[in-house]
Amino acid sequence: MDYRKTIAAIAAPVMAFGLLAGCGSNGGSGNEASRAADGGSGGGSPASAANSPGAGGAEFANKELNVAVFQGGYGREYWDTVAENFMKEYPGTKINITASPKIAELVRPKIVAGNPPDLMYIAGSDNTPILDGLIKDKALLDLTDVFGAATADGSQPLKDKILPGVLESRSMSPYGDGKIYLAPFNFGVMGLWYNKNLFDTKGIAPPKTWDELFALNDKAKENGRALFTYQGIYPGYLEEMIVPSIFSVGGQQALDQFYNYDSQFWKSDTFRQVWGLLEKIANEDNMLMKGTVALNHTQSQTAFMQGKAMFIPNGTWFEDEMKDAPREDGFQFGFLGVPAFKEGDPVKVMTNVEQIVIPAKAKNPELAKAFLKYLYTDESIKLNAEKSKAVMAVKGAPDLAKPYISETTYNVYKAVDSGMEAVSGSFKPVAKGSKYNPSDEVYKPISSIMNKQMSLDEYAAKLFTIYTDIDNELKQAQ
Amino acid sequence: MTMKLRRRAFIACCLLPGLVLFGLFKVYPTVQVFEKSFFQWTGIGDAPRYIGFKNYADLFRDDVFLLSLRNTGFLMLVVPVATLLVALVNASVLTRAKLKERALYRTVFFFPSVLSFVVIAILWSFIYHPTIGFLNAGLERIGLGQLAMAWLGDQRTVLWALAVTMVWQAAGYYMVMYMAGIDGIPPDLYEAASIDGATGFRQFMHITVPMLWEIIRITIVFSINGVLTISFIIVSVMTAGGPDRHSEVVMTYLYGQAFTNSNFGYAMAIGVFVFVVSLLLALLSNRLTERGES
């Protein structure tokens with residue numbers, strides 16, 4: 001769910017090249033492999049290996065590691081540097097980094113050929129579907145022991161270092177059996193945004209509840225703008241306010257119903273209240289910015305920054321994504337989070353954590369696990385912040401990253417530490433071969449609600465049938 | 001004899017690279033599409049599981065697929081007809097009217113054909129932009145502001161809006177083909193007709209169209225197939241299938257099933273179905289436009 005979506009359009013023609021490139025780089029790394037193996041046996045002096053600190057000194061039968069990483073807004077510099085540091089720490093090892101914005105298409109042919117990279121960092125909505133595929137295929141290596149073991153630079157188990165709740169979440173333990181198959185990496189915070197300058201100069205207090213937010217409609221009108229807009233043709237962005245709201249109203253239980261295809265969810269009061277927000281936005285005057293449904297993410301975000309709307313959902317990448325976009329005078333990013341339903345309830349935010357995996361068929365899982373552990377050292381977290389301006393899903397990471405990230409971004413991360421309640425979750429994997437893509441089924445029809453061409457009852461009936469279907473497919477698959 | 005044999009061997013050698021490439025990059029993948037459509041396969045990992053015709057049976061119970069099929073059908077019907085009509089009329093006017101600016105118009109009309117589809121899609125998504133777009137601003141300027149709407153955001157207009165973009169993109173290309181064809185029609189036919197007092201319209205109907213008929217037949221097939229490929233890019237960039245899938249076309253749905261839903265076998269079944277349908281359509285249009293042997 002991010003801004004790299006339109007790239008899908010260009011994907012198909014590029015795919016052919018992707019395949020070719022895949023073959024090419026495969027051959028290349030093969031050559032490097034043999035060279036690395038030579039160098040490893042000849043040059044790696046046993047003395048230096050024994051001297052390496054911590055878990056170092058561990059000998060790896062296979063000293064070569066192929067790593068595939070997503071090269072998006074964060075770049076690849078971190079990966080190149082961290083690999084170098086790792087190789088210094090574990091002499092004789094050789095890490096090959098393959099980076100691409102379309103990393104899924106680069107690794108796909110290798111995975112199909114049964115020759116996957118040893119470790120993959122997959123992010124960006126063009127790429128993450130391949131993870132869903134790997135999860136459906138049960139083709140990932142169990143990483144539970146990595147997080148149970150001591151950290152590379154200390155003695156506490158690694159899992160104590162990760163933000164609470166992340167490892168237990170479905171994004172990391174997809175089968176709900178307590179086993180971790182995906183490792184958390186950078187994390188993003190999502191919610192509603194507003195123009196801080198406008199609120200400060202006009203003396204408007206950021207709303208803490210939905211009632212307060214809707215009451216600002218008059219203020220919005222006074223200032224010549226609509227109350228709300230969103231990334232029209234990608235209604236999936238609305239997840240960023242819907243999911244925290246479900247949690248707000250119905251708690252974890254309702255969220256579980258929603259994510260686990262309990263069709264009763266669509267008859268619940270939680271559904272009524274949360275989707276009622278959307279219905280209200282769609283139906284009341286001046287609430288939804290005119291034409292929103294037809295806009296793509298860039299167009300709607302630009303309109304928001306030009307002062308056409310008061311609020312828009314988006315994530316921590318917002319500022320960086322739109323750094324070249326035109327804006328109204330004095331525009332300042334302000335992060336609101338997702339308002340509560342009841343007075344006094346904490347404001348919520350949605351969080352999303354990027355994932356790193358080791359394929360079950362990886363040639364060198366031992367070294368891959370060692371490298372994965374190494375990524376969670378303080379040194380590496382700092383390096384990631386410095387080179388990628390990103391914050392890892394590790395306790396205290398925002399402060400380690402503070403010197404390198406913008407004030408707005410830092411404040412968003414800190415807000416999560418100080419009072420805002422973080423909500424996250426993801427859909428249970430559907431049965432293999434299912435035609436349904438749950439996120440599409442849930443969010444796409446919202447366009448019709450916004451167009452006033454579908455009532456909440458029709459929507460609920462539709463989703464009820466779909467959830468029943470998905471659930472039946474899952475039961476049959478067992 | 002040996003001469004003949006050597007000649008044959010030489011020809012075979014010359015053909016071989018082409019045949020190998022053709023087999024490897026055209027025939028083999030096509031066969032794979034058919035084969036994989038009988039399997040349940042995520043497109044990445046484990047061995048595909050044979051499920052016979054289940055993928056095909058599922059197609060007809062999949063509402064989204066049926067909707068996307070209907071949308072594609074709409075575009076396949078509207079776009080070729082409009083494109084060819086516009087192209088034919090333009091070509092005829094430009095060649096017959098002896099306009100001075102003929103070369104200029106030809107270049108201008110052909111221009112969209114050299115633009116990339118992605119560029120065209122982005123361009124038109126700004127033309128249709130609900131607030132700052134050229135179309136709505138234009139309507140407001142001439143006092144028809146009440147007609148302005150979010151063209152790409154409304155299920156009633158989105159397909160028409162996409163169709164206009166696709167016609168705009170293709171009309172110039174076919175126009176140039178027709179102009180070449182018209183230039184090949186002997187001018188004495190037109191001369192004779194005008195001496196007999198035939199109007200420009202009658203000349204168009206009774207000389208231009210019949211003489212171009214073979215070219216028109218081919219362009220119909222081209223145009224129908226063009227819709228399939230172009231619609232993928234246009235839809236992906238301009239609407240992402242929205243609002244609520246009312247502009248989803250089979251190609252975008254196929255892509256989604258294959259690469260975001262990891263349903264490769266099912267996507268291949270969609271591919272085969274589209275292949276068969278477009279083959280049938282091509283045959284049908286060929287048959288319908290066939291003229292009795294004189």
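Buried residues make up 38% of the 294 residues in chain B, where a residue is buried if 20 or more other C-beta atoms lie within 10 Å of its own, exposed if 12 or fewer, and partly exposed in between, with C-beta atoms placed from the backbone. In chain A, 51% of the 478 residues count as buried. The model is predicted: local features need pLDDT of at least 70, side-chain atom pairs count only at pLDDT 80 or more, and totals for chains, interfaces and linings use all residues. Residues are numbered from 1 along each chain as its sequence is written, while chains are lettered from A and ligands numbered from 1 in the order in which they are written.

## The two chains

Helices (H or I, at least four residues) and strands (E, at least two) are DSSP runs, numbered from the N terminus. Two residues are in contact if their C-beta atoms, placed from the backbone, lie within 7 Å. The table sets out the content of each chain.

| Chain | Helices and strands | Share of contacts between residues at least 6 apart in sequence that join residues at least 24 apart |
|---|---|---|
| Chain B | eleven helices, two strands | 72% |

The order of elements in chain B, from the N terminus on, is α-β-β-α-α-α-α-α-α-α-α-α-α. The C-alpha trace of chain B spans about 80 × 70 × 35 Å along its principal axes.

## Contact between the chains

The contact takes 37 residues from chain B and 35 residues from chain A. On the side of chain B that touches chain A, the elements giving two or more residues are helix H5 (117–127), helix H9 (200–238) and helix H10 (250–260) of chain B. The largest share, four residues, comes from H9(B). By class, this side of chain B divides into 15 nonpolar, 16 polar and six charged residues. In this division Ala, Val, Leu, Ile, Met, Phe, Trp, Tyr, Cys and Pro count as nonpolar, Asp, Glu, Lys and Arg as charged, and the others, Gly among them, as polar.

## Domains of chain A

Chain A is divided into domain 1 (7–187 + 354–419) and domain 2 (190–351 + 427–477), with bounds that come from an automatic or database domain assignment. The contact between them takes 15 residues from domain 1 of chain A and 14 residues from domain 2 of chain A. Helix H5 (129–136) and helix H17 (407–417) of chain A are the elements that give two or more residues to the side of domain 1 that touches domain 2. H17(A) gives the most to that side, with six residues. The side of domain 1 that touches domain 2 has six nonpolar, six polar and three charged residues.

Strand E6 (residues 309–315) of chain A is mostly covered, as seven of its seven residues are buried. Two strands pair if DSSP finds at least two bridges between them. Strand E4 (residues 183–195) of chain A pairs with E6(A) in the antiparallel sense over four bridges, and Leu192(A) has Pro313(A) as its bridge partner in E6(A). Strand E5 (residues 226–228) of chain A runs parallel to E6(A), joined by two bridges, and Phe228(A) stands opposite Phe311(A) in E6(A).

E4(A) also pairs with E7(A) in the antiparallel sense over four bridges. There, Asn195(A) has Phe333(A) of E7(A) as its bridge partner. Four of the five residues of strand E7 (residues 333–337) of chain A are buried, so E7(A) is largely enclosed by the rest of the structure.

## Helix H20 of chain A

At 1.5 Å a residue, the 22 residues of helix H20 (residues 456–477) of chain A should span 32 Å, and the end C-alpha atoms are 31 Å apart, which agrees. The expected span is 1.5 Å times one less than the number of residues.

The buried residues of H20(A) are Tyr459(A), Leu463(A), Tyr467(A) and Ile470(A). They cover an arc of only 65 degrees around the axis, which puts them on the same side of H20(A); the arc is that of the directions from the helix axis to the C-beta atoms. An α-helix has 3.6 residues a turn, so residues three or four places apart point the same way. The buried residues of H20(A) pack against helix H18 (438–443) and helix H19 (446–450) of chain A. The face turned away from the buried side of H20(A) carries the exposed residues Asp457(A), Lys475(A) and Gln476(A).

## Ser380 of chain A

Ser380(A) is found in helix H15 (residues 378–388) of chain A. Ser380(A) is buried, with 21 other C-beta atoms within 10 Å. Leaving aside neighbours within four places in sequence, Ser380(A) is in contact with Val82(A), Tyr374(A) and Leu375(A). Ser380(A) and Met392(A) are twelve residues apart in sequence and 9.9 Å apart in space, C-alpha to C-alpha.
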